[in-house]
Amino acid sequence: MPHPDAAAPTSFWRSARARVLEDLDAAAVRDPAARNRLELLLCYPGLHAVWIHRAAHRLWRRPGLRLAARLLSQLNRSLTGVEIHPGAVVGRRLFIDHAMGVVIGETAEVGDDVLLYHGVTLGGRSLARAKRHPTLEDGVSVGAGARVLGPITIGAGSQIGANSVVVKDVPPNSIVVGVPGVARPAQGHDVYDVWADPEIYI
C-alpha cells in the first residue's frame with residue numbers, strides 16, 4: 001500500500017503542469033504571433049522567466065534557502081533578460097511579451113492576467129526596508145519602457161502607456177500616459193478587447 005505522503009509529489013507535479021498549460025494558453029491569446037503551444041514552450045523567454053521565478057519564490061519563502069533563491073533569480077536574469085526578485089509575488093497567467101529588460105522589485109505584487117511588455121520596471125523610490133514597490137491588480141497591462149515606481153497601486157483593468165512614468169495610485173479601468181503619468185477613465189472605444197495594446201497610448 002502506498003505511503004500517504006506519496007501522493008504529495010504527484011499532486012505537486014499535476015498542479016505545476018496545469019499552471020504551465022494555463023500560462024501557455026494565456027500567452028497564445030495575448031500574442032498574435034504565437035502559432036502553437038510548442039513554439040511558446042520553447043521560444044518565449046517571458047514564460048521561462050515566470051516559471052523560473054516561481055521556483056525561486058518557493059525557495060525564498062524558506063529563510064534558510066534565500067541565498068539559493070537569489071542565485072536562481074540571477075540565473076533567470078542571465079538566461080531570459082528578465083530580473084524578478086525572488087521575494088516578488090506574482091499571480092497567475094502573467095505574460096511578459098518580448099521580455100528583455102523587465103525588472104520587478106522585491107516587494108512588488110502582480111495580480112492575475114497581467115501583461116508586461118519589454119523594458120518595464122516595477123521599481124522603488126525608497127531605501128526603506130518596507131513595502132517600496134508597486135502593486136498591479138488583476139488585468140493590468142503595461143507598455144514597453146514604462147516605469148511604475150513606489151508603493152502605489154495600479155487598479156484592476158488599467159493600461160499604462162509605453163514609456164510612461166507612474167508614481168501615483170491609479171484607479172481601476174484607467175489609461176495612463178505621459179511623464180509623469182496622467183490617468184483618465186477608459187472609454188468604451190479605448191478597450192477594443194481585453195488585451196488592447198497599451199503601446200498605442202504613446
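A residue counts as buried when its relative accessible area is under 20%. Arg-93 has a relative accessible area of 19%, so Arg-93 is buried. The model described here is predicted.

The protein chain contains four helices and 15 strands. Of its 202 residues, 44% are buried. The accessible surface of the chain comes to about 10700 Å². Carbon and sulfur atoms hold 59% of that surface. Among contacts with a separation of 6 or more, 35% join residues 24 or more positions apart.

Arg-93 sits in the loop between strand 2 (89-90) and strand 3 (95-96). Its side chain makes a polar contact of 3.0 Å with the side chain of Glu-22. Beyond its neighbours within four places in sequence, Arg-93 is in contact with residues that include Asp-23, Ala-26, Arg-30 and Arg-54. Asp-112, Asp-113 and Val-114 are also among the contacts of Arg-93.

Side chains of opposite charge can pair when their charged atoms come close. Eleven salt bridges are found in the whole structure. One of them pairs Arg-19 with Glu-22, with the closest N and O atoms 3.9 Å apart. Both residues belong to helix 1 (residues 7-30). They lie three residues apart, about one turn of the helix. Arg-19 is partly exposed, because its relative accessible area is 25%.

A salt bridge also joins the side chains of Asp-23 and Arg-54, at 2.7 Å from N to O. This pair links distant parts of the chain. Asp-23 is in helix 1, Arg-54 is in helix 3 (residues 45-60), and 31 residues separate them. Asp-23 has a relative accessibility of 2% and therefore counts as buried. Arg-54 is buried too, with a relative accessible area of 18%.

Asp-113 and Arg-30 form another salt bridge through their side chains, at 3.7 Å from N to O. Here again, distant parts of the chain are linked, with the partners 83 residues apart. Asp-113 occupies the loop between strand 5 (109-110) and strand 6 (115-116), while Arg-30 belongs to helix 1. Asp-113 is partly exposed at 23% relative accessibility. Arg-30, at 6%, counts as buried. Through shared partners, salt bridges join Arg-19, Glu-22, Arg-30, Arg-92, Arg-93 and Asp-113 into one network.

Nonpolar residues were examined next. The largest nonpolar core has 28 residues. Within this core, Ile-96, Leu-116, Val-142 and Ile-154 touch the most other members.

A nonpolar patch is found on the surface. It is formed by Leu-38, Leu-41 and Leu-42. Together, these residues have about 300 Å² of accessible area. Leu-38 lies in helix 2 (residues 37-43). Leu-38 counts as exposed because its relative accessibility is 54%, and the cut-off for exposed is over 50%.

Gly-157 lies in the loop between strand 11 (153-154) and strand 12 (159-160). With a relative accessible area of 28%, Gly-157 is partly exposed. The C-alpha atoms of Gly-157 and Ser-141 are separated by 7.5 Å, although the two residues are 16 residues apart along the chain. Leaving aside neighbours within four places in sequence, Gly-157 is in contact with Asp-138, Gly-139, Val-140, Asn-173 and Ser-174.

Asn-173 has its own backbone feature. Its phi is positive, at about 55 degrees, although Asn-173 is not a glycine. Asn-173 is in the loop between strand 13 (165-166) and strand 14. Its relative accessible area is 48%, so Asn-173 is partly exposed.

His-98 also has a positive phi, near 70 degrees, and is a residue other than glycine. His-98 lies in the loop between strand 3 and strand 4 (103-104). At 57% relative accessibility, His-98 counts as exposed. A cis peptide bond runs from Val-179 to Pro-180, with omega near -5 degrees. Pro-180 is placed in the loop between strand 14 (174-177) and strand 15 (182-185).

Notes:
Residues are numbered from 1 along each chain as its sequence is written. This is a predicted model: local features need pLDDT of at least 70, side-chain atom pairs count only at pLDDT 80 or more; totals for chains, interfaces and linings use all residues. Side-chain values use heavy atoms; hydrogens and water are left out. Patches are made of residues with over 30% relative accessible area and no salt bridge: like charges are joined within 9 Å, nonpolar side chains (Val, Leu, Ile, Met, Phe, Trp, Tyr) within 5 Å. Accessible areas come from the Shrake-Rupley method with a 1.4 Å probe; for residues, only the protein chains shown count as cover. A salt bridge is a side-chain nitrogen of Lys or Arg within 4 Å of a carboxyl oxygen of Asp or Glu. Helices (H or I, at least four residues) and strands (E, at least two) are DSSP runs, numbered from the N terminus. Buried means under 20% relative accessible area, exposed over 50%, partly exposed in between (1.4 Å probe, protein chains only). A nonpolar core is a set of buried Ala, Val, Leu, Ile, Met, Phe, Trp, Tyr and Cys residues joined through side-chain atoms within 4.5 Å. A polar contact is a pair of N or O atoms within 3.5 Å; within protein, one must be able to donate a hydrogen and the other to accept it, and residues adjacent in sequence count only if both atoms are side-chain atoms. Contact means heavy atoms within 4.5 Å.
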